[in-house]
Amino acid sequence: MSPIRMAKIEEPLRLVLRFNEAFNHHEVAAMMALMSDDCIFENTAPAPDGTVFRGKEAVTQFWLDFFRASPQARITIEETLSAGFRCVIRWRYDWVDAAGKEGHVRGVDLFRVKDGLICEKLSYVKG
């Protein structure tokens with residue numbers, strides 16, 4: 001496979017990895033610069049289906065509120081898979097609650113990339 005073709009195939013995964021790096025720095029503007037105007041984010045909570053946020057404004061507000069409530073939030077990527085415009089990230093999410101107690105969950109994000117931007121992030125969690 002040509003280097004140009006290979007780079008095109010790897011582009012969605014690099015985009016998703018940049019998104020997660022911005023997440024770990026709590027840089028909402030950087031995260032949102034990687035998402036399309038019509039993006040969809042499906043949160044893990046409340047169980048069983050999670051809340052769906054549609055559009056850049058709603059998703060931005062979710063992340064601002066999320067990091068305000070969880071200032072120690074961190075994602076550790078455990079495994080990645082990329083196939084065309086789809087990427088799967090298996091992760092561990094760690095936090096410290098208001099009482100100082102540490103916690104974590106593990107889960108998976110399914111991303112869809114369109115026109116060089118993340119247009120969909122569907123999150124699923126164990127437990």
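Modeller: Start with R90, which is partly exposed, at 30% relative accessible area. Buried means under 20% relative accessible area, exposed over 50%, and partly exposed in between (1.4 Å probe, protein chains only). This is a predicted model: local features need pLDDT of at least 70, side-chain atom pairs count only at pLDDT 80 or more, and totals for chains, interfaces and linings use all residues. Residues are numbered from 1 along each chain as its sequence is written, and side-chain values use heavy atoms, with hydrogens and water left out.

Colleague: Which side chain meets R90 in a salt bridge?

Modeller: That of E79, at 3.1 Å from N to O. A salt bridge here is a side-chain nitrogen of Lys or Arg within 4 Å of a carboxyl oxygen of Asp or Glu. The pair links distant parts of the chain: E79 lies in strand β3 and R90 in strand β4 (residues 86-96), 11 residues apart. Strands (E, at least two residues) are DSSP runs, numbered from the N terminus.

Colleague: And E79, buried or exposed, or in between?

Modeller: Partly exposed, with a relative accessible area of 44%.

Colleague: What does R106 pair with?

Modeller: R106 forms a salt bridge with E78, with the closest N and O atoms 2.8 Å apart. This one also joins distant parts of the chain: R106 is in strand β5 (residues 102-114), E78 is in strand β3 (residues 74-83), and 28 residues separate them. R106 counts as partly exposed because its relative accessibility is 29%. E78 is partly exposed too, at 33%.

Colleague: Which residues are linked in a network of salt bridges?

Modeller: E78, E79, R90 and R106.

Colleague: How many salt bridges in the whole structure?

Modeller: The search finds 10. One of them is K121 with D109, the closest N and O atoms being 2.7 Å apart. K121 sits in strand β6 (residues 117-125) and D109 in strand β5, 12 residues apart, so distant parts of the chain are linked.

Colleague: Are K121 and D109 buried or exposed?

Modeller: Both are buried.

Colleague: Switching to cysteines. How many disulfides?

Modeller: Zero, taking a disulfide as a pair of cysteine sulfur atoms within 2.5 Å. C39 is in no disulfide, and the nearest cysteine sulfur, that of C119, is 8.8 Å away. C119 is in no disulfide either; its nearest cysteine sulfur is that of C39, 8.8 Å away.

Colleague: C39 and C119: buried or exposed?

Modeller: C39 counts as buried because its relative accessibility is 0%. C119 is buried as well, with a relative accessible area of 3%.

How values were computed
Helix = DSSP H or I, 4+ residues; strand = E, 2+ residues; numbered from the N terminus.
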